[in-house]
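I'm opening my notebook on a new protein today. I'll jot down what I looked up, starting with its charged side chains.

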Amino acid sequence: MILFAARGSTMRWQATMLALTSALVVGTAETSAAQSAPNSGFGAGTRLVSVGLLAGGDYSGTGVGGQVEWGVRNVGRTTLSLGAFVGVQRESTGAGSLEVTTSALPIMAVGNVHFPLGSNERLDMYAGASLGIVRVSLKSEAGNVGSSSASDTNTGGGVQVGVRYRAASRLSLMGQLGLVDLPLIMAGLSLRL
């Protein structure tokens, strides 16, 4: 189907991942040389659960998503974290008696690097990459003609950058921008466990 062919080229995906990997290697090497205290806004052992509203991106539409994240290692002033993301986005469009509904379900492993912002312990800025699968479904209905549907599961990935602002001892406001197979915007709350 046209929907699946238009998902983007393999070369674009490889170039994006190569650029991100290079940036992470250079950033990790630079911060390893600095022997400062770890990011006190997010450090090794920190565990977070985030929930939020999703909008935009390769699959358009709106939806909800959740992410878990665990700080695994302090490297200089930065902290490396691992986690998982799952979300669902849906968009319906129509013209006359034709209605087309597209749904996307990304399930991704997440790796982030958290950066301190001066001495402000309330802010947690991060950037990273995600890799997993995306289940895409397409359903069309045309009045008295009937309906048809198709679905496909593909490998997917993306890059993300985000910020959290700790509003209370365990609760933070969060916002994240994503590219490739991730929602363009995720905005919601994070709970420190």
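This is a predicted model: local features need pLDDT of at least 70, side-chain atom pairs count only at pLDDT 80 or more; totals for chains, interfaces and linings use all residues.

**Charged pairs**

I began with Arg164, which forms a salt bridge with Asp124, the closest N and O atoms being 3.2 Å apart. By salt bridge I mean a side-chain nitrogen of Lys or Arg within 4 Å of a carboxyl oxygen of Asp or Glu. Arg164 sits in strand 6 and Asp124 in strand 5, so this pair ties together parts 40 residues apart in sequence. For me, helices (H or I, at least four residues) and strands (E, at least two) are DSSP runs, numbered from the N terminus.

Residues are numbered from 1 along each chain as its sequence is written, and side-chain values use heavy atoms, with hydrogens and water left out.

Arg164 also meets Glu69 in a salt bridge, 3.0 Å from N to O. That one links strand 6 with strand 2, the two residues being 95 apart. Are Arg164 and Asp124 buried or exposed? Both are buried, a word I use for under 20% relative accessible area, with exposed over 50% and partly exposed in between (1.4 Å probe, protein chains only). Arg164 has a relative accessible area of 2%, and Glu69 is buried too, at 4%.

I then found Glu141 and Lys139 in a salt bridge, 3.4 Å from N to O. Glu141 is partly exposed at 41%, and Lys139 is partly exposed at 41% as well. Shared partners join Glu69, Asp124 and Arg164 into one network of salt bridges. My search of the whole structure gave 3 salt bridges.

**Strands**

Next I read along the sequence and got the pattern α-α-β-β-β-β-β-β-β-β, that is, 2 helices and 8 strands. Strand 1 (residues 47-57) runs antiparallel to strand 2 (residues 62-75), joined by 9 bridges; I call two strands paired if DSSP finds at least two bridges between them. Which residue of strand 2 is the bridge partner of Leu48? It's Glu69, the one from the salt bridge with Arg164. Strand 1 also pairs with strand 8 (residues 183-192), antiparallel over 9 bridges, and there Ser50 has Ser190 as its bridge partner.

**Core and surface**

I looked up the largest nonpolar core and found 12 residues, including Leu54, Phe85, Tyr126 and Met186. Such a core is a set of buried Ala, Val, Leu, Ile, Met, Phe, Trp, Tyr and Cys residues joined through side-chain atoms within 4.5 Å. Strand 4 (98-117) and strand 5 (120-142) each give it two or more residues. Leu54 touches Phe85 and Met186, among others, not counting residues up to four places away in sequence; contact here means heavy atoms within 4.5 Å.

Then Val161, in strand 6: it counts as partly exposed at 43% relative accessibility. Beyond four places in sequence, its contacts include Tyr126 and Leu177. Val161 and Met125 are 36 residues apart in sequence, yet 7.7 Å apart C-alpha to C-alpha.

Last, I checked Leu171 in strand 7, which is partly exposed at 35%. Overall, 35% of the 193 residues count as buried.
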